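Okay, thanks everyone, let me get the model up on the screen. I'll walk through a few spots in it, starting with a single side chain.

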Amino acid sequence: MCAILTYARTDISEDTFVQMLKKTSSRGPDMSEHVLSAGGWIGFNRLSIMGIEETGMQPFTHRGNILVCNGEVYGYEPLREYLSSIGYPFESGSDCELLMPLYEKLGTAMFNLLDAEFACVIYDGEKNEFIAARDPIGIRPLYYGYDEDGCMIFASEPKNMAGMVKEIKAFPPGHYYENGEFKSYRDMTSGGVYARPGWKPGEAGISRSLSGVGTALSRKKHGSMTLNDSKTTSSEDIDAICEGIHDRLIGGIKKRLIADRPVGFLLSGGLDSSLVCGVAAKLDDNPIKTFAIGMDVDAIDLKYARQVADYIHSDHHEVIITKQDVTEALEPVIQALATYDITTIRASIGMYLLCRWIRDNTDIRVLLTGEISDELFGYKYTDFAPDAAAFQEESRKRIRELHMYDVLRADRCISVNSLEARVPFGDLDFVDYVMAIDPRKKMNSYGIGKYLLRHAFEGDGLIPEEILMREKAAFSDAVGHSLRDDLIEYAGSKYTDEEYEKGIEKYVHARPFTKESLLYRDIFEKYYPGQSHMVADFWMPNREWEGCDVDDPSARVLSNYGASGE
């Protein structure tokens, strides 16, 4: 991960800006730079992953333009060669430097052409304005706000601007900011598939786009669909759909294995992380490094993760945590995440502690994770969806909000420990394809959730059959049922019933509804006072559905939890 920060004013002191930038030094511990443009300050903290030589340090500058980007651009090499051949003077091996000539050739039209996870800010010297954009899922974080004089700040995390602006807002995924307006360039929830480039130098589409016509780059058939294809996906048979799932997920994993620093894998022993590890192990000639975490008394994950690790012959590591570890991590986790959401915090504690161990005990700097699968294929509570339309709308809602919940969790828990997260299930081609599948085929009418994903890999033998067909368990529960119970008990010890009733009255937006949620909110307000709107609300099952009107987000309280916790 890296950190970016821009402040659209020139009259603040250099020291003030540097102190703001230092608040996210953990995201980029390798180098830090800042420059003053005619439009304001621009800063960057670097974690070197691709093109790790010093020439890859940002900000990048060219002809009065300045670029900072926290991101990974996939499949960039051929386009880089093409741009070099027509005269662009690349100075580094960084994939992000590519964005500068693309912007100079295409302007904001370039954003929908990227196969990337990114958050970037560009100072356009000719226009004397800042341009910003964020990837369509929101995998890379970006926030903004206005100071008391109306000057805009863009930052990787809320902590950069806490106390500097009245209201901190999440930059909307799939949007760019230009001329004082936010404009959508990509909606991942529509079920349609957008044209993006195959990055083949010399293709007519690239030539037209780079000459300023602004048309979408032509796209290869492999690994993609056209807009019209989304209309036919619903009529495809199950095997054909699963083949599309299979090939796109493998492609999404393969491209995320490329790095100039060591790569590792978070392995819970559940379906999603196990598939990522199984595919990666097949693609790598050497044993991959896998990491699992569990409570010292009732860890569910560890035995399944060990089973997968033995099967794929990974170099496997287990981290055991205690009740004290959990409660001591609670406040630093909330400070790092900038959230009060119960589900996010519970699931973050194990991930945070595991990533801290990886940072302190290994040379790993990139971690692949299994997030986003639930939102695409369904979760325990979506079994209660009354019909296909409701299932699909719930999936769309969760994809739109991911940047406030699971994606935020993965980013902060990993980046606060100076590591980089990569999320194969968030691959844009993969998400496009799955969202275009007829929701009737994604619903749990097969007797097991995520059937399409499971069936897609049935014949490969990449992971044990028992794991491929294992029932879903929530990460916070699978780390150990005692983790949730310990947190509830700990919160209960902090408030009497009278203190709880009085305490929740302080809050109007996202009012706490348990002692646990009140504790999280009080800690959140300590670091981010009055900023609760950064998170829409609590991640909870859809209470409008029969069987989902519950007071705890854990799947354990649902009637269909079954054998998930065994």
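So, R521: leaving out residues up to four places away in sequence, R521 touches Y340, Y507, H509, A510, P512 and S532, where contact means heavy atoms within 4.5 Å. Quick caveats: this is a predicted model, where local features need pLDDT of at least 70, side-chain atom pairs count only at pLDDT 80 or more, and totals for chains, interfaces and linings use all residues. Residues are numbered from 1 along each chain as its sequence is written, and side-chain values use heavy atoms, with hydrogens and water left out.

Back to our arginine. R521 sits in helix 21, residues 515-527; helices here are DSSP runs of H or I, at least four residues, strands are E runs of at least two, and both are numbered from the N terminus. Is R521 buried or exposed? R521 counts as buried, because its relative accessibility is 4%, and the cut-offs are under 20% for buried, over 50% for exposed, partly exposed in between, with a 1.4 Å probe and protein chains only. The R521 side chain also reaches the backbone oxygen of H509 at 3.0 Å.

Next, helices 9 and 10. The axes of helix 9 (residues 323-337) and helix 10 (residues 342-361) come within 9 Å and cross at roughly 105 degrees; axes are lines fitted to C-alpha atoms over the stretch in contact, and angles run from 0 to 180 degrees between N-to-C directions. Helix 9 and helix 10 are therefore roughly perpendicular, a label that covers 65 to 115 degrees, with under 35 roughly parallel, over 145 roughly antiparallel and the rest oblique. On the helix 9 side, the contact includes V326, L330 and I334, and on the helix 10 side I345, I349 and L353 are among the residues.

Last stop, strand 9, residues 152-155. From strand 9, M152 and F154 point one way, I153 and A155 the other, and all are buried. In general, side chains in a regular strand alternate between the two faces of the sheet. Which strands pair with strand 9? Strand 1 (residues 3-7) does, antiparallel over three bridges, and so does strand 8 (residues 143-146), antiparallel over four bridges; pairing takes at least two DSSP bridges. T6 has F154 as its bridge partner, and Y143 has A155. The hairpin of strand 8 and strand 9 has five residues between the strands, and there G150 takes a positive phi near 85 degrees.

Note on methods
Polar contact = N/O pair within 3.5 Å; in protein donor to acceptor, adjacent residues only side chain to side chain.
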